[in-house]
Amino acid sequence: DEGSRRLQEGSVQEAVATYRRALSHVWALYRCPRGAAASAGAAAVGAAIDLNLALCHVKLEEWDAARRCATRALNVAPDSAKGLYRRGLACLQLGLLDAAEDDLAAASKLEPAALEIRQRLEEAR
């Protein structure tokens, strides 16, 4: 997709703009209460877009925005290792060490072979 292409090219700000436009198309359904049948597909798409936005914000070192996007994605997909890692990394950078440790420990359980997650978890401890 266009956002991923922009991100791979290193145009992170342009990727953010692309992902925000995409998110605006599913926002109302994505933010519906859980369990609403009509919103299931939009929720999955919205969560994927928010995970990509969280990655962009991590790359830009925009920690509050990264945390916010990852949290929205985790509301839909609570077992997302990417979401937990990105929110944990943001919390680590914001000095929220207990929250960082919780998220990074959960991500490490889901992805035990991921060295980067384990290293960040040690930093949080």
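This is a predicted model: local features need pLDDT of at least 70, side-chain atom pairs count only at pLDDT 80 or more; totals for chains, interfaces and linings use all residues.

My entries on one helix and its neighbour follow.

I started with helix α5, which covers residues 81-94 and has 14 residues. From first C-alpha to last, I found that α5 reaches 20 Å, close to the 20 Å expected at 1.5 Å a residue.

Is α5 mostly covered or mostly uncovered? It is mostly covered, with eleven of its 14 residues buried. Among the buried ones I listed Tyr85, Arg86, Arg87 and Cys91, and the glycines Gly83 and Gly88 are on that list too.

Next I turned to helix α4, residues 63-76, where Ala65 is found. Ala65 has 10% relative accessibility, so it counts as buried, the cut-off being under 20%. I also checked Ala65 against Arg87: they are 22 residues apart in sequence, and their C-alphas are 9.7 Å apart in space.

How do the axes of α4 and α5 cross? They come within 8 Å and cross at roughly 150°. That is over 145 degrees, so the two helices are roughly antiparallel to each other. I wrote down the crossing of α4 past α5 as left-handed. On the α4 side the contact includes Trp63, Asp64, Arg67 and Leu74, while α5 brings residues including Leu84, Arg87, Leu89 and Gln93. I sorted the contact residues into nine nonpolar, three polar and four charged.

Technical notes
Residues are numbered from 1 along each chain as its sequence is written. Side-chain values use heavy atoms; hydrogens and water are left out. Helices (H or I, at least four residues) and strands (E, at least two) are DSSP runs, numbered from the N terminus. The expected span of a helix is 1.5 Å times one less than its number of residues. Buried means under 20% relative accessible area, exposed over 50%, partly exposed in between (1.4 Å probe, protein chains only). Axes are lines fitted to C-alpha atoms, for helices over the stretch in contact, and angles run from 0 to 180 degrees between N-to-C directions. Angles under 35 degrees count as roughly parallel, over 145 as roughly antiparallel, 65 to 115 as roughly perpendicular and the rest as oblique. A crossing is left-handed if the near helix is turned anticlockwise from the far one by less than a right angle, and right-handed if clockwise. Contact means heavy atoms within 4.5 Å. Ala, Val, Leu, Ile, Met, Phe, Trp, Tyr, Cys and Pro count as nonpolar, Asp, Glu, Lys and Arg as charged, and the others, Gly among them, as polar.
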